[in-house]
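Q: I have a model open and want to go through it. Can you start with the terms, then the details?

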Amino acid sequence: MDNLLRVGVISSTHGVKGEVKVFPTTDDSARFKQLKKVILDTGREQIDLEIEGVKFFKNMVILKFKGYNSIEEIEKYKGKDLLITRDLAVKLGPDENFIFDLIGLLVVKDDGEELGTLTDVIKTGANDVYEVKMTDGREVLLPAIKECVLNVDLEKKVVTVHMMDGLLD
């Protein structure tokens with residue numbers, strides 16, 4: 001498990017005073033109001049940034065960072081990720097995991113047979129759906145419900161599933 005989680009991506013500048021529009025990659029964009037700092041990943045280095053101001057516009061978050069006061073100082077960071085340390089992440093409830101932690105886990109059936117690797121988590125609104133690349137190369141979609149996903153063990157990096165009728169048809 002990585003210690004850094006992405007909470008947003010700088011999509012563009014906003015105005016001429018150093019503000020940026022951020023596309024949030026977190027479920028709750030209002031959490032930016034509580035964040036005091038983020039880490040900017042430039043691809044070559046990670047820069048600690050102090051958040052000075054937060055506004056919201058449509059589906060975007062507009063951030064102002066301390067020490068960046070012009071469009072010229074900030075525009076080079078378009079397309080770059082904003083990260084936080086895991087200790088600043090939203091507290092998860094029981095049976096909740098970060099998608100980041102699930103990708104790449106081994107998926108096994110409740111009879112012990114290896115099914116494949118979890119490659120994606122699709123948000124549907126009703127329940128998440130796990131995309132699994134099976135050992136034979138095919139893909140299967142599994143509903144992330146208690147009847148199907150029996151256990152997620154992040155330490156062992158294994159998801160145990162029950163194959164409900166019709167999932168492999």
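A: Buried means under 20% relative accessible area, exposed means over 50%, and partly exposed is in between, with a 1.4 Å probe and protein chains only. This is a predicted model, in which local features need pLDDT of at least 70 and side-chain atom pairs count only at pLDDT 80 or more, while totals for chains, interfaces and linings use all residues. Residues are numbered from 1 along each chain as its sequence is written, and side-chain values use heavy atoms, with hydrogens and water left out.

Q: Is Asp101 buried or exposed?

A: Asp101 is buried, because its relative accessible area is 9%. Asp101 sits in helix α2; helices are DSSP runs of H or I with at least four residues, strands are runs of E with at least two, and both are numbered from the N terminus.

Q: Which side chain does Asp101 make a polar contact with?

A: The side chain of Arg86, at 3.0 Å. A polar contact is a pair of N or O atoms within 3.5 Å; within protein, one must be able to donate a hydrogen and the other to accept it, and residues adjacent in sequence count only if both atoms are side-chain atoms.

Q: Which residues of the lining lie nearest the centre?

A: Leu92, Asn97, Phe98, Ile99 and Lys123, out of 30 lining residues. β11 gives the largest share of the lining, 4 residues.

Q: And Lys58, where does that lie?

A: Lys58 is in the loop between β4 (46–57) and β5 (60–65). Lys58 is exposed, because its relative accessible area is 75%. Its phi is near 55°, a positive value in a residue other than glycine.

Q: What about phi of Lys157?

A: Lys157 also is not a glycine, and its phi is positive, about 60°. Lys157 lies in the loop between β11 and β12 (158–161).

Q: Last one: how many helices and strands does the protein chain have?

A: The chain has 2 helices and 12 strands. Its C-alpha trace spans about 60 × 30 × 30 Å along the principal axes.

Definitions and conventions. On a 1 Å grid over the protein atoms alone, a cavity is a set of points where a 1.4 Å probe fits but cannot get out, and a pocket is an open set with protein on both sides within 12 Å along at least five of seven lines; lining residues have an atom within 4 Å of a point.
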